[in-house]
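Hi everyone, thanks for making time today. I'd like to walk you through one protein model, so please have a look at the screen.

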Amino acid sequence: MSNDIQHEIKRRRTLAIISHPDAGKTTLTEKLLLYSGAIRSAGNVMVGKHKATVSDWMSIEQQRGISVSSSAARVEYDEFILNILDTPGHQDFSEDTYRTLMAVDSAIMLLDAGKGVEEQTVKLFKVCRDRGIPIITFINKMDRPALNPFELLDNVEKVLGITAVPMTWPVGDGTDFRGVYEREGKRFHFFERTTGGAYKAPVRLADVHDEQIRASLGETAHAKLIEDLEMVEVVLPQFTQEDFLAERITPVFFGSAITNFGVETFLQRLIDLAPEPQGMKTSGGIVAPESGFFSGFMYKMQANMNKAHRDRIAFFRIVSGKFERGMTAKHFRSGKEVKLNYPFQIFGQDREIIDEAYPGDVIGLSNPGVFRVGDALSTGADFTIPQFPRFAPEIYAKVVPKTGSFSKSFRKGVEQLGEEGVVQIFGDMQGSPIPLIAAVGELQLQVFQSRMESEYNEIIILERLPFTRTRWIGSDVMPASSTLTYALDDQGRKVVLFRSEWEMNYHVEQTKGLILLEKPPEDVAV
Ligand code: G4P
């Protein structure tokens with residue numbers, strides 16, 4: 001193992017931001033990018049919906065002015081490289097959002113200070129927890145009316161079951177927001193609104209009892225800060241890296257991304273806290289980043305990014321070794337050697353061919369149709385990796401060909417797009433030829449429909465079904481009711497479909513011994 005690779009591993013952090021739409025993910029990512037030495041032009045670095053570049057990506061994306069893809073942003077700060085993988089929300093929410101979490105080593109949980117933990121954050125948090133990924137929390141929008149900080153921490157604990165330990169502590173909120181006190185560094189960061197709409201945030205070194213802080217905050221606010229900090233000491237545990245890595249606690253920072261307040265402190269601490277690139281579970285044990293060979297896995301596929309070329313892109317997370325353009329690696333599922341000629345890095349929508357990359361980096365590989373989500377490539381000895389997890393769908397539709405004929409191309413399209421992971425395909429229990437397609441986000445259905453038409457020449461009609469919950473059965477006991485709908489997953493396992501959370505809970509209460517699972521029993525996280 002060369003020192004060169006060791007050095008590259010040590011300076012990388014690969015993470016994602018998990019949040020509910022509108023909490024400020026795009027804003028925070030943009031502000032983090034401001035600190036990046038790599039920043040070039042706005043069009044190059046913007047991610048998600050704020051991006052400015054125009055390209056020839058999927059027509060759906062053009063029509064709706066949104067990004068179908070979740071790509072990566074790279075922040076280079078103080079010798080460190082942060083790969084921030086985008087997890088699309090809003091209308092773009094799809095299984096890819098979850099899959100991206102398979103490729104990161106930690107996550108930033110971004111909360112809106114006025115709202116606390118919201119629905120989509122809970123879903124994404126669960127995926128992180130299943131994988132055992134440590135989570136760092138940023139409570140945003142302190143410049144707007146916020147919930148009491150103790151209430152916010154309590155909310156995290158109650159809803160997510162993880163203890164929130166404040167690393168900074170806010171004084172006031174909204175128009176009374178005065179800044180944050182950094183507990184460990186004992187520094188107060190003043191938040192000052194300046195005329196002309198710009199904000200600046202000077203930092204003064206001082207202990208919390210410092211006269212300067214007292215004078216600046218005023219007697220009452222200062223006394224409240226001291227009282228709050230004492231309370232924090234009493235009621236909350238101390239931060240330890242061990243508890244954080246074991247997901248027993250999440251360190252919390254308060255700030256205001258839009259005014260760039262608290263972002264640099266957060267970035268500095270993020271680099272200290274977030275773990276370096278981690279290894280990968282395989283049939284032959286853990287492949288560590290320092291292993292003497294190149295390896296990694298595909299975590300998401302994207303097709304038709306360029307209509308003229310019909311090209312498909314596999315997003316690949318490097319796990320071990322150095323990647324060099326033009327190298328050959330073994331694709332384990334097919335058993336074939338593949339030459340990796342045109343690897344690229346993705347900035348927003350722009351691509352750039354790269355010559356080398358290291359563990360923790362994400363590269364785009366052109367996919368001639370052989371790669372699938374969860375596939376591994378390696379130059380080392382043969383191994384298999386656990387099946388990529390499947391995520392319980394919340395949206396269902398029947399797929400019917402417009403012509404009424406279940407032609408060969410129709411069946412092939414359904415099968416191939418299912419294998420690629422565009423949607424999940426479920427079979428009808430009665431053996432009907434009409435497949436059920438299922439997804440976690442609307443966008444997946446639209447991508448499926450558009451690809452069936454453009455790639456398989458099949459105009460399809462999607463008949464939406466009213467189900468919102470999918471559960472695999474984890475007990476010998478089956479639901480007592482005879483009115484429920486069942487389907488078969490791609491491995492022929494029975495699932496129950498429910499119309500609502502309420503209906504699902506009702507059946508669990510009614511049937512003693514019934515165990516319902518959110519994913520197939522044997523799926524294991526990578
Ligand atoms: P998202 O990617 O998580 O969906 O959120 P995004 O960053 O787009 O932010 C959602 C809205 O919240 C935006 O306002 C943004 O300006 C605002 N925002 C983000 N961070 C802060 C903050 O710290 N304080 C305040 N007061 N607002 C914040 P918008 O009006 O919906 O969009 P825009 O027109 O400003 O882009």
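Let's start at Phe-297, which is buried because its relative accessible area is 3%. Buried here means under 20% relative accessible area, exposed means over 50%, and partly exposed is in between, with a 1.4 Å probe and protein chains only. Before I go on: this is a predicted model, where local features need pLDDT of at least 70, side-chain atom pairs count only at pLDDT 80 or more, and totals for chains, interfaces and linings use all residues. Residues are numbered from 1 along each chain as its sequence is written, and side-chain values use heavy atoms, with hydrogens and water left out.

Which residue does Phe-297 form an aromatic pair with? The partner is Phe-388, and the pair is tilted, at 6.1 Å centre to centre with 55 degrees between the planes. For such pairs, rings of Phe, Tyr and Trp (its six-membered ring) need centres within 6.5 Å; planes under 30 degrees apart are stacked, over 60 edge-to-face, and the rest tilted. Phe-297 lies in strand 16 (residues 295-303) and Phe-388 in the loop between strand 25 (376-378) and strand 26 (395-401), so this pair ties together parts 91 residues apart in sequence. Helices (H or I, at least four residues) and strands (E, at least two) are DSSP runs, numbered from the N terminus. Phe-388 is buried too, with a relative accessible area of 8%.

By that ring rule, the count comes to 20 aromatic pairs. Another one is Phe-191 with Phe-261: their ring centres are 5.2 Å apart and their planes are at 80 degrees, so we call it edge-to-face. Both of these residues, Phe-191 and Phe-261, are buried. There is also a cluster, in which ring pairs link Phe-93, Tyr-98 and Phe-391.

Now for some charges. A salt bridge is a side-chain nitrogen of Lys or Arg within 4 Å of a carboxyl oxygen of Asp or Glu, and the whole structure has 36 of them. In one, Lys-25 meets Asp-86, with the closest N and O atoms 3.0 Å apart. That bridge links distant parts of the chain, 61 residues apart: Lys-25 is in helix 2 (residues 25-34), and Asp-86 is in the loop between strand 3 (80-85) and helix 5 (95-100). Are these two buried or exposed? Lys-25 counts as buried at 15% relative accessibility, and Asp-86 is buried with a relative accessible area of 10%.

Let me finish with the whole chain. There are 14 helices and 33 strands, and buried residues make up 55% of the 526 residues. Helix 11 is mostly covered, with eight of its eleven residues buried; among them are Phe-266 and Leu-267. If we count contacts (heavy atoms within 4.5 Å) between residues at least 6 apart in sequence, 72% join residues at least 24 apart.
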